[in-house]
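Me: Please show me the model. Then let us go through the terms used for it.

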Amino acid sequence: MEQNEKANRAIHDGEEVQKIWSWGAGTDGQLGTGKLEDELLPQLLHLPSLTSSGPISLLACGGAHVIALSSGGRVLTWGRGTSGQLGHGEMVNSLYPMPVTSLQDYFITHVSAGWSHSGFVSDSGCLFTCGDGSFGQLGHGEYRSHCSPVRVSYFLNEHVKQMACGMRHSLVLLEGSQVYAFGSGKRGQLGISMNRIKSVSLPEITHGLEDVKIISIAASGDHSAALSVDGHLYNWGRGFSGSPDSHFPQFSSSSFMFTRAALGWNHALALTGDAEVFMLGGNYHGVLGDLEKMRPANQLPDSREAILEKVAGLDGVKILQIAAGAEHSAVVTENGEIKTWGWGEHGQLGLGNICDQTSPQAVSLSGNTNRAASFKVYCGSGFTFAIMHPCDLS
Amino acid sequence: MSYDDVEIEDMEWNEELQAYTYPCPCGDLFQITEDELRLGEEIARCPSCSLYITVVYNIEDFLGDSDQKNKNLDPPKQQPVAVA
């Protein structure tokens, strides 16, 4: 009974105050607007099927699909489903959020969306994957795609904490802090061998992090990243700004303590403990519409390593959260403002136009009147979601 | 200017589109048909946006018998690579 009341209250809260906006590329239904169109401005969503599961605690946005995790451990997905990435048991798109029913016996605590595959982690440490498996990125020891989540049996006796899905590869973080990788490895993004590896379909341990306590992982495009408990950022995979690929995790030489990392296809964002944002590969960011404007790569003179640069134009305002799309970026400021920059051709910056931006610009959310709210922002390849939480859910 | 250079072996054959494809950052796919490759076309375009990639390939692989393509250009799922 008590649980029911709690659930009802959660539903009530969800309907009353949690608000969700989306904008950007929408041709596969990923915006949840019920339309197959791009949106240049934030659209306030009305999604009873989403809010009836209770407040959303986390979104994972992939190539053209979205995974929503409710605070009650339920999972809903929508957008492109042609590779089975929605986990609905069929390979079709979904215009509206639909529950992943085969996970209903589990309390899901973490989700990740790649280009066309998906990962789900339960509170008991089970890992499930579905979607495109043609590069081995589902970790099942084969190259087949699956349209319903399948448990990754390699980790049957391990407690999985997180999964991070890239374009064609996956990373897994275990409770004991080990990092595993599988899928495409051509650019070194698996971190498992000096040799150029085409792909592996079973998890292999990423080398060079064995003695490091890793607390979070990230993957996007052909990039991989991990953050250690002492704030060090490790990158591997495709090189940034034309620097060579790294086949093993490289420790970013910097005196900053990082607390969060977000990866795009050609850039990385990192948030410091002092709430400042740094970027790798920034010379490419916000000039895609006119690549001739690209600034020369900023590299350390003695190595060919790309360097972390502080994101200009935030004027000392503290940043609470960062998110990266394939070619755009979004942050939430301490003032509850969402700022975006990067590639804008599909409206993914939410500024009402299709212009690129090289520095962060404020996004105006229609219908946002709650000043006490906290915001979260999430980026898919070419689209963006924002959630207004009535109060801090954590 | 090209968004990226992509080797043909990293592109996927899409039966429905009858084209080799590669993910575009907008969410759609860069596409190039066999006929285009046979004509020496190097640019794969995305139908949804202004971006394009340069396809790196050997034109001889596409000239002559069309069955030839299956010899060298299978999608990765048919060529799993075992790693020691």
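**Rings, charges and contacts**

Reply: W13(B), Y20(B), Y57(B) and F62(B) form a cluster linked by ring pairs. This is a predicted model: local features need pLDDT of at least 70, side-chain atom pairs count only at pLDDT 80 or more, and totals for chains, interfaces and linings use all residues. Residues are numbered from 1 along each chain as its sequence is written, chains are lettered from A and ligands numbered from 1 in the order in which they are written, and side-chain values use heavy atoms, without hydrogens and water.

Me: Why is the pair of Y234(A) and F251(A) called tilted?

Reply: Rings of Phe, Tyr and Trp (its six-membered ring) pair if their centres lie within 6.5 Å; planes under 30 degrees apart are stacked, over 60 edge-to-face, the rest tilted. Here the centres are 5.7 Å apart and the planes at 40°, so the pair is tilted.

Me: Why does Y234(A) count as buried? What is F251(A) called?

Reply: Buried means under 20% relative accessible area, exposed over 50%, partly exposed in between (1.4 Å probe, protein chains only). Y234(A) has 10%, so Y234(A) is buried. F251(A) has 39%, so F251(A) is partly exposed.

Me: What makes E7(B) and K186(A) a salt bridge?

Reply: The rule asks for a side-chain nitrogen of Lys or Arg within 4 Å of a carboxyl oxygen of Asp or Glu. The closest N and O atoms of E7(B) and K186(A) are 3.7 Å apart, and they form a salt bridge. Between chain B and chain A the count is 7 salt bridges.
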